[in-house]
Amino acid sequence: MFSELVIPRRTIMTPGPVEAHPNVLRVMSSTILGQFDPAFLTIMDAVKEMIKIPFGTKNEQAFAIDGTSRSGLEAALIALIEPGDKVLIPVYGRFAYLLGEICERAKADVKYLEKEWTEPFDQEVIIKAIDDFQPKIVTMVHGETANGQMQALDKIGAACRERDIFFVVDMVATYGGVPIYVDEWKVDMAIGGTQKCVSVPSGMSLITYNDRVEKVLTSRYQKELGLSKVDRNDNPISSNYLDLSQLQRYWNSERINHHTEATTMIYALHEGLRAMINEGIENVWARHQLNDDAIVAGIQAMGLGFFGNMATKMPTVTPILIPEGADDGEAIRSMLLEVFGVEIASSFGDLKGKVWRIGNMGYSSRRENVLHVLGALEAALIYYGAEITKGEATKAALQVYEV
Ligand SMILES: *Cc1c(COP(=O)(O)O)cnc(C)c1O
């Protein structure tokens, strides 16, 4: 006999996954619909339209891909890449290397433009690298979750468009949390996540692209052999599961039979997006900014330091330098989780053991969560004897909220 699952209650203040919106959890216990049930197709059509709003786009194409955020990144890049294609990847944090990993496996000729992780690029530096390398594709990350820095994109996008280069951007950790203007910034393909600012479980990726990309997809379209012996292509996309040319035709009126859609997850996505849109996307962005201001004020009041340039910090992630006397930070993180029921994150690579990250995303981005994590972190630091300014953190946050 196995015992029934009892899931502990948590306050999640990490950069994903975050707490699901209560309406999301509610619809996930609804009955299953088949993926071609007209009742379900209506839900899909609404989801397509809602996905566009946080992206700031009027693109025809916007839909969800089954698989975590990296499935969207991979689908996007392999749709464009043919072996030997030149891809430029500016790197100011961890996830740029994920883009590189995908491009290299697709046999692209990848060039990394690297810098230290403390701040993003001056856009002119990237434009110069574009002129030097003359790539077919520039791909980069909007918000680097590991170090909490965010890149301005407008000039890079404009430069790519002028030179007829594709611009593909990972917006996984910024989608729904900060202002995004895909059309204005001339981003050809953008990828968003669900378990970050959309308050939906992990397991899906969101994508939008323009007709420049759609033209490529049309030219590479190949339908599965079991469905058609005539829709063959000399140069198909190398993945069947992550083939945007087929996925688009499932999400659009043609409704070709590709995968079995995870219909329950689409219900969840519908409610996650609807909650954001009903709140008003500008209000959602403002809420994230206010909660970020309170987190920063609280951490500062404790006398702790931050990693990286605060002027280019993502409002959805705050990287904190782990103070002396807190060993490598893991004992405090465990205490927060096991005693206070609140989760914060460590970091990766060179930042592991040096930086904690407090996430501020989606349904987790709430005043009570901010006050809880600040109070708990201060108490745990005091308990472990770290030298901090006592009794000021929560007060500083309350002052930001003007309560
Ligand atoms: C979380 C994250 C990813 C990867 O997401 P998965 O859902 O784990 O595949 C990619 N890029 C960025 C910027 C992220 O924050």
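Predicted model: local features only at pLDDT ≥ 70, side-chain atom pairs only at ≥ 80, totals over all residues.
Biologist: What is the area buried between domain 1 and domain 2?

Modeller: On the contact side, 29 residues of domain 1 touch 21 residues of domain 2, counting heavy atoms within 4.5 Å. Salt bridges between domain 1 and domain 2 come to zero. Carbon and sulfur atoms give 67% of the buried area between the two domains, and that area is about 2,100 Å².

Biologist: Now the cysteines. How many disulfides does the count come to?

Modeller: A pair of cysteine sulfur atoms has to be within 2.5 Å to qualify. For Cys 103, the nearest cysteine sulfur is that of Cys 160, 13 Å away, so Cys 103 is in no disulfide by that cut-off. The count of disulfides comes to zero.

Biologist: Is Cys 103 buried or exposed?

Modeller: The cut-off for buried is under 20% relative accessible area. Cys 197 sits at 1%, so Cys 197 counts as buried. Cys 103 has 0% relative accessibility, so the word for Cys 103 is buried.

Biologist: Over to Tyr 181. Leaving aside its neighbours within four places in sequence, which residues is Tyr 181 in contact with?

Modeller: Tyr 181 is placed in the loop between strand E8 (166–170) and strand E9 (189–193). At 32% relative accessibility, Tyr 181 counts as partly exposed. Arg 163 is 18 residues away along the chain, and the C-alpha atoms of Tyr 181 and Arg 163 are separated by 20 Å. Setting those sequence neighbours aside, the contacts of Tyr 181 are Phe 55, Gly 56 and Trp 285.

Biologist: Last one, helix H3. How many of the 12 residues of helix H3 are buried?

Modeller: Helix H3 covers residues 69–80 and is largely enclosed by the rest of the structure. Its buried residues include Ser 69, Gly 72, Leu 77 and Leu 80. Helix H3 counts as largely enclosed because, of its 12 residues, the number buried is 10.

Note on methods:
Residues numbered from 1 in each chain as written. Heavy atoms only, no water. Buried < 20%, exposed > 50% of the residue type's maximum accessible area, 1.4 Å probe, protein only. Buried area = accessible area lost by both parts, 1.4 Å probe. Salt bridge = Lys/Arg side-chain N within 4 Å of Asp/Glu carboxyl O. Helix = DSSP H or I, 4+ residues; strand = E, 2+ residues; numbered from the N terminus.
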